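The points run from the whole chain down to single residues and pairs.

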Amino acid sequence: MIKLRAFQFTSITYRLVFACLMAAVVIYGSSYYQIRALMQQVMTGWINQIALSKLDAAVAKHQSSLHLIGEQGTRLVQMDERLHLADQNGLKAILPVSPYISKLAISSGTTGQDHSFGWHAEANGQPWQSTTADVDLLNSCNVVDGHHYWAQHIRNQELVFCTGMYMLGKSQQSIAIQINMQPLLQDLQNNLHLVDAVDQSVQGQPYVINRLNGHFLLGAEFIPEDLSTRPNSGAGKGGDIHYSLQLQDMPLVYGFYFSEEKIQNYLGKYFMLAILSMGKDMLLMCIAIALVSRQTTKSLRSLSKSTEEIAQGNLDTELTKIPRNDEVGRLSRSFRRMRDSLKLRILELQEATAARQRMESELAIAAQIQQAMLPSAEAAIDPRYSMSTLLQPARVVGGDLYDFFHVADDRICMVIGDVANKGMPAALFMARTLSLMRTLAHQSSTPAALLFSVNRELAHNNPECRFVTMFFAMLDLKTGSMQYASAGHDAPLLLRDGRVSKLPLQTGPALGLEEEGSFPQFESRLHAQDIIILYTDGITDARNEHNEEFSEARLQTTISQQAPAFAADIIRIVTLAHQKFIAQAPQFDDLTLLSMQFHPEVKRRKPAFGDWQISLNGQPLDYEQVKPRLAGFLRAQKVSDDIVDDLQLITEEVLVNVLKHGATEQDPASIRLDVHLHDSEIVIDMVDNSHAYNPLNGATQPDLEMDFSDRPVGGLGLYLVNALADHIDYNYAHGQNNLHIRKYLIKP
């Protein structure tokens, strides 16, 4: 999901306020039309109710007033004495001055006589004033048989109340009362509308229609022409509001009109006020949320600062105490418990680490001791045989063992074994077994007798029932006769003329299980250049990532296909094949190999001096020939490949330093290299005639942990020379540099 960077707030307060605003937008946005429709329904209902109420009140008021005038006019027409009509006080008693009456015209007389007179009333409420009869006003009425009705003045839009009667069939009297419409219309204009509570503006329009002629007496400029034909409706044609009522027995129609456009404007104004009100409420809510959130997160900020210090390792940081039972208080107490637990765990881890380091140190020492107990291939000083070995524990220390040693001048013993299990207990059992082997080998004349003696010692007082499988052989270097026996161990392989075979063998029980176990003994005769290969099941039982076993058949095939010529080559060939086979699979068992090659035709060499010498004149071609010629000489003398490799590296590094720093183009160095081979050591003397220069200067131990890209050039070669050589001396005498290097064949 794509996260917008602009909305990734760094504060919970901002996030809550933003969530509040977004909730308001979503809620109000999704409810916009519903709110507007509801508001329109409520508002139009309110307008309808108010408009109808006011319209009813205005109609009732005016209708009552005009009916009263009609009744008073009818009473006047029924009076028998004209004096009363002509008398101001008599007229006033019957028809008081009203703001709705402007004129009064009376016509009264007998046959052949006509008496007309009139009265005039001021609009301000002054008494009746006598005046001549308004002929036009009288002409507006045409009374028939005493009926009263409403008529229209012939000269203006004023309404006229007409009434009259025949008096005893002898005289006729008619009265015309001119109604002043202005007070009626003004009263209607003042009361039949809505007043906006916000800005006190007038909303809606009253109107009056004279049904005698269909003309508007009020509101003609605001009212549609077809309004008089429309039925009453709360929301009529076009969405406007229209109500009308006719005055009873009068030609007047009162109405109220509210156009759709003004209704929408009116609604929009109040809708906007509602939105602003809701927005104000939402703003107050956001402010309240922000204040509460900020007060709540104040403790969290302090807690966060303290935990940052804890993350940097300061476990003594005092955490803010929050004496509350809400989530923040519980979080504070949880962090305090976490800090205390972390301090305890770190203390325990430090103790465990120290203990592990002590154990690892002890294991490393044990591994060194274990390796020191096993002879190296260089210990094979008799030229009649050569040895090559491999011991690779699955852990720091292992339970596999091998050994070879002389029990007489012409008899050599070879042994290989595999202690059950791995680790320190197996290593201790292995050390005990080796010690017994070397001690009892000089007291036993045959391999079977030796295995019997060792087994009895191991089986005695062995409550853990530890045991070891073992193969033991004695080789007569004069005759090549080899006697051997096995205690539960696999038969060794014989490489002869490029073919691999197993030595015939019937094994006895593993050592340490039965005190009286017997071990069959066999004998075989070795030929010149035969190679005996002893191994443990860590080689053959190893499995790869597909759970396939290396197997003894694969081991024999690997050796026979390569057909190695030397014992050391066996180790290299088997190791490479084994590593390639298991690939990334873990090593579950110790790997042990011992290969011995028989050389009966080689006589024991006497100490020699000046065995080999080469001189260089500083030319690269001659320098390139040194390493192969030195290796050829040493291998011809049956020196092991490991020592040959070390001496080649030593010679190369020293020569490079002399040629690079001791010689110049004008004065190239002349170098003589003497190799002296003794029974226990090889000595190399290097003499050159360049200026005084010690090629070992600066041979300090480099930082072996430094990254390769950051390591300065040089330094490693001289360090290796000092590490590989057992003794180095330098002196300058008679204009020559003399370097004396010694490499032990047998460690003193």
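1. Overall make-up. Of the 748 residues in the chain, 43% are buried. This is a predicted model. The chain holds 17 helices and 27 strands. Among contacts with a separation of 6 or more, 63% join residues 24 or more positions apart.

2. Confidence. The average pLDDT is 77, and 78% of the residues reach at least 70. Two stretches deserve a flag. Residues 605-611 stay under 50, with 16 contacts beyond four places in sequence. Residues 704-709 also stay under 50, with five such contacts.

3. Helix α15. This helix covers residues 626-636, and its buried residues are Val 626, Leu 630, Ala 631, Phe 633 and Leu 634. Viewed down the axis of α15, these buried residues fall within an arc of 165°, so they line one face of the helix. Pro 628 and Ala 636 are exposed on the other side. Lys 638 follows α15 and has a positive phi, near 65°.

4. A nonpolar patch. Met 272, Leu 273, Ile 275 and Leu 276 make a nonpolar surface patch of about 340 Å². Ile 275 belongs to helix α7, residues 260-311. Its relative accessibility is 31%, so Ile 275 counts as partly exposed.

5. Leu 52 sits in helix α2, residues 32-77, and is partly exposed at 33% relative accessible area. Arg 395 is in the loop between β13 (385-392) and β14 (400-408). With 52% relative accessibility, Arg 395 counts as exposed. The C-alpha atoms of Arg 395 and Phe 588 are 8.8 Å apart, across 193 residues of chain.

6. A buried glutamine. Gln 205 lies in strand β9, residues 205-210. Why does Gln 205 count as buried? Its relative accessibility is 12%, and the cut-off for buried is under 20%. Beyond four places in sequence, Gln 205 touches Gln 189, Gly 219, Phe 222, Ile 223, Gly 255, Phe 256 and Tyr 257.

7. In one of them, the side chains of Glu 552 and Lys 502 meet at 3.1 Å, N to O. Glu 552 is in helix α12 (residues 552-562) and Lys 502 in strand β19 (residues 499-502), so the pair ties together parts 50 residues apart in sequence. Both partners are partly exposed: Glu 552 at 22% and Lys 502 at 40%.

8. Asp 645 pairs with Arg 572 at 3.9 Å, N to O. Asp 645 lies in helix α16 (residues 641-662) and Arg 572 in helix α13 (residues 567-582), so this bridge ties together parts 73 residues apart in sequence. Asp 645 is partly exposed at 33%, and Arg 572 is partly exposed at 35%. Lys 743 meets Asp 646 at 3.4 Å, N to O. Lys 743 is in strand β27 (residues 736-744) and Asp 646 in helix α16, so the pair ties together parts 97 residues apart in sequence. Lys 743 is buried, at 8% relative accessible area.

9. A charged network. Arg 384, Asp 410 and Lys 478 are linked in a network of salt bridges. Side chains of opposite charge can pair when their charged atoms come close.

Methods. Residues are numbered from 1 along each chain as its sequence is written. This is a predicted model: local features need pLDDT of at least 70, side-chain atom pairs count only at pLDDT 80 or more; totals for chains, interfaces and linings use all residues. Side-chain values use heavy atoms; hydrogens and water are left out. pLDDT is the predictor's confidence in each residue, from 0 to 100. Contact means heavy atoms within 4.5 Å. Buried means under 20% relative accessible area, exposed over 50%, partly exposed in between (1.4 Å probe, protein chains only). Helices (H or I, at least four residues) and strands (E, at least two) are DSSP runs, numbered from the N terminus. The arc is that of the directions from the helix axis to the C-beta atoms. Patches are made of residues with over 30% relative accessible area and no salt bridge: like charges are joined within 9 Å, nonpolar side chains (Val, Leu, Ile, Met, Phe, Trp, Tyr) within 5 Å. Accessible areas come from the Shrake-Rupley method with a 1.4 Å probe; for residues, only the protein chains shown count as cover. A salt bridge is a side-chain nitrogen of Lys or Arg within 4 Å of a carboxyl oxygen of Asp or Glu.
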